[in-house]
Amino acid sequence: LGLREVRTGQIRALGGGYDFATTKFNHATQANRQTGSVFKPFIYAAALEQGMQPDDVVDDVPFQRGNWSPHNYDNTYLGPISLRQALALSRNIPAVRILDEVGVKNAGDLVTRLKLPNPMAPFLPSALGATEEPLLSMAAAYAAFANRGLWSEPTRIVRVVDRDGNILDAGPARQEQVITPYVAGQMVALMNGAVQY
C-alpha cells in the first residue's frame, strides 16, 4: 500500500488468483490463511497498550505450559532480550511470554478492534499465528499501524460517475480510531527493526 492508500483504504491492486476462467475463488478476499509470524505485531501492540515499552526485557529461554512447549525457529535461545529485538528477530518464545503477561483477552480485544473477522483463539499458541484470517483484512489491520491507529475499510470502488461527471455512487469511507497514535507509531518503529537489523 502507498501512503495515500493507507490513509484512505483504497485498494490499488488485488490479485485473487491466476486465472478467473479456471476458478472464481478469490484468494485475497475469500481464503482464510494461517497468519503465522505476521500475527506477532498484534501481540506486541497489546503489550504496548498494557504499558510495556520497546526496551523492556523479555526472556528468550525455554517455556512450557502443560504439555505445550514452543520453540524458536532455529532451536536456540538468546536469554534476556528487549521487545524491540524479539520482534525484529521474530522470536517465538518472547511472543508467547508477552501474550502470557498481557493476557489473551487484552490481545483478543485488540485483534477485534483491528476488524479482523476471525476472533483470536484464546490460547497462548495464538502468539505464533494459530488464527486464520483473510489477506485483505490483514492488510487493513497493518495499514492502521501506518495510519496512526486509524483503521480504514478497504475500498474497491472510489466512485461511480455518469458522463456529465455527476457522482452516482461513492465507495465506503468508513474509518475508526482503533489504537492510539502512540502505540501505532511505536509499532511502526518496532516493525522497521525487522528490515533494519
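Predicted model: local features only at pLDDT ≥ 70, side-chain atom pairs only at ≥ 80, totals over all residues.

**Entry 1: α2 against α4.** I started with helix α2, residues 40–49, and helix α4, residues 92–102. Their axes come within 9 Å and cross at roughly 40°. Angles under 35 degrees would count as roughly parallel, and α2 and α4 are therefore oblique to each other. I looked up the handedness too: α2 passes α4 in a left-handed crossing.

Next I listed who touches whom. On the α2 side I get K40, I43, Y44, A46 and A47, and they meet N92, P94, A95, I98, L99 and V102 of α4. Sorted by class, the residues of this α2 and α4 contact come out as 9 nonpolar, 1 polar and 1 charged.

**Entry 2: α2 against α7.** Which angle do α2 and α7 make when they pack? I find about 135°, with the axes of α2 and helix α7 (residues 181–196) 10 Å apart. The crossing of α2 and α7 is right-handed, whereas that of α2 and α4 is left-handed.

The α2 residues in this contact are P41, Y44, A45, L48 and E49, and from α7 come V183, Q186, M187, L190 and M191. I sorted these by class too: 8 nonpolar, 1 polar and 1 charged for α2 with α7. I jotted down that Y44 is listed in the α4 contact and also in the α7 contact.

**Entry 3: L99.** I went back to L99, which sits in helix α4. Buried or exposed? L99 has 0% relative accessibility, so I put it down as buried. Leaving out residues up to four places away in sequence, L99 touches I43, V104, A107, M120, F123, L124, S126 and A127. I checked the spacing to one of them: L99 and S126 are 27 residues apart in sequence, with 8.5 Å from C-alpha to C-alpha.

**Entry 4: F39.** Where is F39 found? I located F39 in the loop between β1 (32–34) and α2. Its relative accessible area is 0%, so F39 is buried. With residues up to four places away in sequence again left out, F39 touches V111, L116, M120, S126, G129 and T131. M120 and S126 are on this list, and both are listed for L99.

Methods:
Residues numbered from 1 in each chain as written. Heavy atoms only, no water. Axes fitted to C-alpha atoms, helices over the stretch in contact; angles between N-to-C directions. Helix = DSSP H or I, 4+ residues; strand = E, 2+ residues; numbered from the N terminus. Parallel < 35°, antiparallel > 145°, perpendicular 65-115°, else oblique. Left-handed = near helix turned anticlockwise from the far one by under 90°. Contact = heavy atoms within 4.5 Å. Nonpolar A, V, L, I, M, F, W, Y, C, P; charged D, E, K, R; others polar. Buried < 20%, exposed > 50% of the residue type's maximum accessible area, 1.4 Å probe, protein only.
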